[in-house]
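Q: I would like to learn how to read a structural model feature by feature, with the general idea set out before each case. Could we work through one together?

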Amino acid sequence: MSRRTRRTLQAVAATTLLVGAATACNAAAKNDASDSASGGSGKSFTLVTPDAVGQNEFLKLAVTGIKDAAKAHDGTQKVYESTDSASQQQNVQAAVDAKPDVIVLVGFEFADIVAQQAEKNPAQQFLIVDACTTKTYKNVSCAVFREHEGVYLAGAEAGLLSKSGKVGAVDVLDTPQFRRYSDPFAAGAKQVAAKTETSTRFVGGQSPFDDSARAKEQANTLLAKGYDQIMAAAAAGNYGVFEAAKAKGAYAYGVDVNQCPSAPGTVVDNVIKRTDVAVEKGIESVLGGTTGTTVSYGLKEGGISLTGLEDGVDSSKCVIADHKDVLTKVEALRDQIVSGELKVDDPAAS
C-alpha cells in the first residue's frame with residue numbers, strides 16, 4: 001500500500017471533524033518540464049504533492065486534475081513533488097512566490113503550512129484536497145471525501161458474494177472517524193443480505209498505520225471464525241490482510257486506489273478517491289468566486305467510486321470484474337444514494 005493511503009487514514013479524524021463543523025529537495029523538487037504547460041494565456045495553477053508522484057495512483061489522479069483544469073482554461077500548470085517535510089515547505093513557498101491563480105495541495109501535511117501562508121498572502125487562493133486547515137480562511141478552500149458511501153457499496157458486494165454469510169473488517173483504530181471504513185461495510189452487507197453476520201477487528205498497538213503483521217493477525221482471527229469477505233482499512237497493514245485472505249481462499253477489499261494488482265484473485269474491489277475530480281471541481285469553484293469553504297465529494301459528485309464502477313474494470317485484476325450481476329445490483333444502490341433515496345450513516349457525524 002502507498003504512503004498516501006496510510007497518511008489519508010491518519011488524516012480522517014481531523015478532516016471529518018472539520019466537515020462536520022463547517023505540510024530535502026530544493027523548491028524545484030521534481031518539477032518536470034513536461035509538467036509545465038506552455039502557450040496558454042489563461043489561468044495558472046500549481047500543484048504541490050506531499051510525496052513523489054511516481055506510481056502513486058492517488059497522486060497521479062491529482063496531477064490529471066490540474067492538467068485538465070489548465071486545459072479547460074487555456075492556462076498553465078506546474079507540479080512540485082515533495083519528498084519530506086522540508087521540501088513540502090520549500091515547494092509551497094516556491095508556489096506562493098510564483099503567484100498562480102490557484103495553488104492546490106494534497107494531504108493533511110500542508111494544513112499548517114497553508115494556514116501560515118494564507119495569513120501572509122491574503123490575495124493568494126489555496127485549495128487543499130483530502131484535508132483542511134483548523135481555522136477558516138477566505139482564501140483557503142478545502143475538498144474532502146465521503147468515504148463511507150463507497151465503503152457501503154463495497155459492503156453490499158461482500159454481502160452478495162459471501163458464501164459463509166460472514167463479512168468482516170480490519171480497521172486501524174476503534175474511533176468514530178476510522179469506523180467510516182468499517183461500519184458502513186457491515187451496513188452495506190446487511191442491506192443486501194439481512195442475516196449477514198458482521199465483525200470488525202482493530203489493528204491498534206504502537207504503530208497501527210504500519211503494522212502489517214498485526215493487521216494480518218486480526219484478519220486471521222476473522223478468517224478462523226469463517227469470515228470470507230474482509231474490508232481492509234489497515235493503512236500500510238492492508239498487505240497483511242491480503243496475505244491472510246489469500247492463504248485461506250477468502251476475499252478482501254482495498255481503499256483509495258486500485259489495490260487489486262497487489263493481490264490478484266484476492267482483492268474484490270476498492271473504494272476509490274477521485275482526487276482528479278476534487279482538484280478540477282475545486283478549482284472551478286474557486287475561480288467562480290466560491291472560496292473559504294469546505295466541500296465534500298461523494299458518489300453524487302463523482303469524488304468517491306469503486307474500481308468496479310469505473311471504466312477499465314475488466315483489466316483491473318479485481319475479482320468483481322467476473323461478477324457483472326453483482327455490479328448491476330451495486331449500481332442500483334449507488335443510484336439510490338445519489339438521488340437521496342438511500343442515506344448512508346456517517347459514523348463520524350456529530
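A: Of the 350 residues in the protein, 54% are buried, where buried means under 20% relative accessible area, exposed means over 50%, and partly exposed means in between, with a 1.4 Å probe and protein chains only. This is a predicted model, in which local features need pLDDT of at least 70 and side-chain atom pairs count only at pLDDT 80 or more, while totals for chains, interfaces and linings use all residues. Residues are numbered from 1 along each chain as its sequence is written, and side-chain values use heavy atoms, with hydrogens and water left out.

Q: How many helices and strands does the protein have, and what does its accessible surface come to?
A: Helices (H or I, at least four residues) and strands (E, at least two) are DSSP runs numbered from the N terminus, and the protein has 10 helices and 12 strands. The accessible surface, computed by the Shrake-Rupley method with a 1.4 Å probe, where for residues only the protein chains shown count as cover, comes to about 14100 Å², and 47% of this area belongs to carbon and sulfur atoms.

Q: What span should helix α2 have, and how far apart are its end C-alpha atoms?
A: The expected span of a helix is 1.5 Å times one less than its number of residues. For the 16 residues of α2, residues 57-72, this gives 22 Å, and the end C-alpha atoms are 22 Å apart, which agrees.

Q: Which residues of α2 are buried, and which exposed residues does the face turned away from its buried side carry?
A: An α-helix has 3.6 residues a turn, so residues three or four places apart point the same way. In α2 the buried residues are Phe 58, Leu 59, Ala 62, Val 63, Gly 65, Ile 66, Ala 69 and Ala 70. They cover an arc of only 155° around the axis, taken from the directions from the helix axis to the C-beta atoms, which puts them on the same side of α2. The face turned away from that buried side carries the exposed residues Lys 71 and Ala 72.

Q: What caps the N-terminal end of α2, and which residue with a positive phi follows the helix?
A: A polar contact is a pair of N or O atoms within 3.5 Å; within protein, one must be able to donate a hydrogen and the other to accept it, and residues adjacent in sequence count only if both atoms are side-chain atoms. The cap of α2 is Asn 56, with a side-chain oxygen 3.1 Å from the backbone nitrogen of Phe 58. After α2 comes Asp 74, whose phi is positive, near 50°, although Asp 74 is not a glycine. Asp 74 sits in the loop between α2 and β2 (76-81) and, at 47% relative accessibility, counts as partly exposed.

Q: How many aromatic pairs are there?
A: A pair of aromatic rings is described by the distance of the centres and the angle of the planes. Rings of Phe, Tyr and Trp (its six-membered ring) pair if their centres lie within 6.5 Å, and planes under 30 degrees apart count as stacked, over 60 as edge-to-face and the rest as tilted. By this rule there are 3 aromatic pairs. One of them is the edge-to-face pair of Phe 178 and Phe 209, at 5.8 Å centre to centre with 65° between the planes. Phe 178 lies in the loop between β6 and α6 (183-192) and Phe 209 in the loop between β7 (197-202) and α7 (212-224), so the pair ties together parts that are 31 residues apart in sequence. Phe 178 is buried at 5% relative accessibility, and Phe 209 is buried at 13%. The rings of Phe 185 and Tyr 253 are also edge-to-face, with centres 5.3 Å apart and planes at 65°. Phe 185 belongs to helix α6 and Tyr 253 to strand β9 (residues 251-256), so this pair ties together parts 68 residues apart in sequence.

Q: Where is Val 167 found, and which residues is Val 167 in contact with?
A: Contact means heavy atoms within 4.5 Å. Val 167 is found in strand β6 (residues 166-171) and is buried, with a relative accessible area of 1%. Leaving aside neighbours within four places in sequence, its contacts include Phe 185, Thr 196 and Tyr 227.
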